[in-house]
Amino acid sequence: MVVATKESIPIMSKTGFKTVGIGANVRSTLVAASAEHRVVAGMTAAIRSLTEEPHKFVFCFIVQPKANDSGAHMQEVLLEAFCFENDIYIIKVDSAEKLSRLLGTACLVSCALVRKADSITSSSSEDCYSRSENILIDHCEFYWDEPVKPVIKLPEK
């Protein structure tokens, strides 16, 4: 593990567990998955894909809804519950603009799913995940039972 100063890399901690630069891992995972055509972007497309084949997804990235937007909040809660029931890791992110930029979409998206790589859709071997995906899996496993998931600050670039 590389130790850095607090000013250079954001560190999230919970009782001794530290994740250094988790936002960079989110970026790496999203950019790679997008290049491999493994991303489903947008709430409607995500719900449709999850209804058809939930076992094919590993991550669900959700933008935290704005205050007083009860419709978006209800969608978020239902999507999280569905993902939880189907063992899909939930990662909350701070900005729809940043998420959309990382995915290269023209419109704002509040949700993105990452499909498992073809080599692991039938197996559960961690060796088939990329380094960034394994780091995110460890992060998600650590916060799996927490009622409120931490919001990950995505990198500006």
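On a 1 Å grid over the protein atoms alone, a pocket is an open set of points where a 1.4 Å probe fits, with protein on both sides within 12 Å along at least five of seven lines; lining residues have an atom within 4 Å of a point.

**Figure 1. The second largest pocket of the predicted model.** The second largest pocket holds about 250 Å³ of space, a volume being the space filled by probe spheres set on the grid points, which are joined across faces, edges and corners. Val63, Gln64, Pro65, Lys66 and Ser110 are the closest to the pocket centre among its 15 lining residues. At least two lining residues come from each of strand E4 (57–63), helix H3 and helix H4 (96–103), and H3 gives the most, with three. By class, the lining comprises six nonpolar, four polar and five charged residues; Ala, Val, Leu, Ile, Met, Phe, Trp, Tyr, Cys and Pro count as nonpolar, Asp, Glu, Lys and Arg as charged, and the others, Gly among them, as polar.

**Figure 2. The protein chain and the confidence of its prediction.** This is a predicted model, in which local features need pLDDT of at least 70, side-chain atom pairs count only at pLDDT 80 or more, and totals for chains, interfaces and linings use all residues. Residues are numbered from 1 along each chain as its sequence is written, and side-chain values use heavy atoms, with hydrogens and water left out. The mean pLDDT (the predictor's confidence in each residue, from 0 to 100) is 84 for the protein chain, and 82% of its residues reach 70 or more. Over residues 1–13 pLDDT stays under 50, and the model has 22 contacts beyond four places in sequence for this segment, a contact meaning heavy atoms within 4.5 Å. Where pLDDT is low, the predicted coordinates should not be read in detail. The protein chain has five helices and seven strands, which are DSSP runs numbered from the N terminus (helices H or I, at least four residues; strands E, at least two). Along the sequence they follow the pattern β-β-α-β-α-β-α-β-α-β-α-β.

Figure 3. Rings of Phe, Tyr and Trp (its six-membered ring) pair if their centres lie within 6.5 Å; planes under 30 degrees apart count as stacked, over 60 as edge-to-face and the rest as tilted. The count by this rule is five aromatic pairs. One of them, Phe84 with Trp144, is stacked, at 4.9 Å centre to centre and 25° between the planes. This pair links distant parts of the chain, 60 residues apart: Phe84 lies in helix H3 (residues 70–85), and Trp144 in the loop between helix H5 (131–143) and strand E7 (151–152). Phe84 is partly exposed at 41% relative accessibility, whereas Trp144 is buried at 18%; buried means under 20% relative accessible area, exposed over 50%, and partly exposed in between (1.4 Å probe, protein chains only). Phe142 and Tyr143 form an edge-to-face pair, with 5.1 Å between centres and 85° between planes. A single aromatic cluster contains Phe59, Phe61, Phe84, Tyr89 and Trp144.

**Figure 4. Two loop residues with positive phi.** His37, a residue other than glycine, has a positive phi near 60°. His37 sits in the loop between helix H1 (22–35) and strand E3 (39–41) and is exposed, at 71% relative accessible area. Asp87, also not a glycine, has a positive phi near 55°. The loop between H3 and strand E5 (89–93) contains Asp87, which is exposed at 57%.
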